[in-house]
Amino acid sequence: MTTTRNQVLADIRAATARGERPGHQTHSFATDLQAEAALSPSALVHMFAERVSEYKAWVGYSTSAGLSEAIGERLALYGTRYVVPADFPADLVQQLPCVRDEQLSHADIASADGVVSLSALGIAQTGSIVLDAGVGQGRRVLTLLPDYHLCVVYAASIVLTVPEAFERLRASIQERRAPLTFISGPSATSDIELNRVEGVHGPRRLEVIIVDAPGR
Amino acid sequence: MKPDSVIIELSPEFSVGAKQALQNTQLRRNMGKATQTIRAKRATVVGELPNWESLRDAGERIKAETMAHLDVYIERLEKNIQAAGGTVHWASTAAQANEIVTKLIQATKSKHIIKVKSLTTDEIRLNEALEAAGITPIETDLAELIIQLAHEKSSHILVPAIHKNRSEIRELFQKAMHLPDLTDEPKELAAAARTFLREKFMTVKVATSGANFAIAETGSVCVVESEGNGRMCLTLPDVLITVMGIEKILPRWEDLGVFMQLLPRSSTGERMNPYTSIWTGVHPGDGPQEFHIVLLDNGRTQVLGDSVGRQTLHCIRCSACINICPVYERTGGHAYGSVYPGPIGAILTPQLVGTEHAASLPYASSLCGACYDVCPVKINIPEVLVHLRGRVVREKHSHVSGWLDPESIGMSGLGQVFGNRMAYEGAQTMGKLAQWLFVHDGYIENGPGPLGAWTAMRDLQAIPDQTFRQWWRERNEHDDHA
Ligand code: SF4
């Protein structure tokens, strides 16, 4: 194996020695890009909400104080047994039909009526939610197997652009090598005659509650 | 080679197969609808970003810089993946990569694996290698599953079953999944696939994947997808094996932010694809606790060494060039005889397998330049095509029969010969006849010269009897009559 490694490296070096070798960069070209004009906080949240719902995800609003109730209202619609990450805030789950993920089996998770999680951040320009295994987000399988995912996004965590999101996520990667999942709407496929069908393997229903949106 | 063969080659018998393909109106309807829909969606979401052109510039510059210092970045990637608990393997050839993957799976004792759609594993024909070793690969991408159940080949890099309609898919599913009452509603078909594959996701302990990007700075690997089958394969099994071409590396974390804007908008015409997974080695208590990555060369360092051809390695497989291409729209993907169809296939395949074995592909283009305009990393596809045509001609010169070759004569000054279709096709016919010596059952088994070593390990698909140009022309003629 070492010899193959050396062979590939030698082939790369031979190939690059022949071509021109532009200067070695110490910064990313990404940082040369012009930043987008900033939006007002309420316009930012509005854009996020609009673009999430364009993926056919339901979007609602709540205050921090009313969050437990807001979650309860949604959960009452679809079932009686939900799962939440092991470190999901206690004050939120107390009155809810939720089981904590304390080493649940894959089968236990898959048979739940849904999952409730927090999130790392939201991206307004693309209507995306990012999970980085931080507080209240749990291991990846938890937000994957149930057919319904209710995701809580704090308004203050919403950024405008993809590069801003990557800037913020750098710490998650570097400090704790966090696994990341970007979610933009429910799972979908266009493989059958290019008709978009929501829901193949991931949660077929995605709902988002935006918390403490300015001006609401 | 006697020029008479031209006449034999062009006799009606040879075109029977193509005529049948031509009459496949379903194929053409599917293709036309598909490419037009995707094109319109792409144009809308690209128009939404005011800095699209600077993003393309950044994409191009990041890739060019990566290629120039690939040795530095690939060693950095290796170090960081290892530091995060992953194991790094290297493969010069497809055969080596297949052997590594097969052994890793055998060590787990698993007889099945679940697979995320990956062009790289298609390129090395991993499925065939695994089947030969008694391991059953299960494709989990809906379109790949359709293709696998139909025992067919992909015709598009993004929507591999683009040539199949819903009633054809229903029939396949009815049989394979024992669902006699299944209708052809896309929603029901997707639900059938969900149920069928859920059981596999929950039980199979080994998965393979490709990679869209890998970040040298952090050792992170990224897979972009829609259906969630990728997340399943990357999360549920105990062992994950990723096969990645060495050109997929990005130097820094921020670089990925550029490509996550370029790729979804260019490929599916969405602001963002439904799911993107990024993992860094092994995450304790979350996902596979054993992670292997195979870094694959398989002809890429040769492309790297060609100063004009090198930009081909910048490709992020978005398929925008395929969707915009007027030639692809009419012929479909199978005409390119490779896992990489369309304009990108026309430049990548000949460079990976050698121009002498895909001599007609650099001509599968009208040089209209539409592919260059949409390419998110600004690969100058027409420039590479012309460069490869030059190489085809030079290679013919170096052979004894080179002087007989009307194409060589054309390129050396007699423009009217080059413009003469009969003469040009005569040249291609000669190439095909020469190839006969090595072809068995549609595959080139013992290629001449340096290719011998390459084909000894991997069967090369031969140039079809009907060249791209012939097929194209006959399709046009048919259109004129339609
Ligand atoms: S060549 Fe460019 S447009 Fe074509 S698939 Fe590759 S990146 Fe996309």
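A salt bridge here is a side-chain nitrogen of Lys or Arg within 4 Å of a carboxyl oxygen of Asp or Glu. This is a predicted model, where local features need pLDDT of at least 70, side-chain atom pairs count only at pLDDT 80 or more, and totals for chains, interfaces and linings use all residues. Residues are numbered from 1 along each chain as its sequence is written, chains are lettered from A and ligands numbered from 1 in the order in which they are written, and side-chain values use heavy atoms, with hydrogens and water left out.

**View 1. Salt bridges between chain A and chain B.** A:Glu54 and B:Arg271 pair up through their side chains in a salt bridge, 3.0 Å from N to O. Another bridge links B:Glu48 with A:Arg51, whose closest N and O atoms are 3.5 Å apart. B:Glu48 sits in the loop between helix 3 (25-47) and helix 4 (52-68) of chain B and A:Arg51 in helix 2 of chain A, so this pair joins two chains. (Helices are DSSP runs of H or I with at least four residues, strands are runs of E with at least two, and both are numbered from the N terminus.)

**View 2. Where chain A meets chain B.** Here 79 residues of chain A are in contact (heavy atoms within 4.5 Å) with 96 residues of chain B. About 7600 Å² is buried between them, with carbon and sulfur atoms giving 58%; this is the accessible area (1.4 Å probe) that two parts lose on being put together, summed over both.

**View 3. Strand 9 of chain A beside strand 9 of chain B.** The two strands run antiparallel and are joined by four bridges; strands pair if DSSP finds at least two bridges between them.

**View 4. Around the ligand.** Among the residues surrounding the ligand are B:Cys315, B:Arg317, B:Ser319 and B:Ile381, each with a heavy atom within 4 Å of it. The shell splits into 10 nonpolar residues, one polar and one charged. Nonpolar covers Ala, Val, Leu, Ile, Met, Phe, Trp, Tyr, Cys and Pro; charged covers Asp, Glu, Lys and Arg; the others, Gly among them, are polar.
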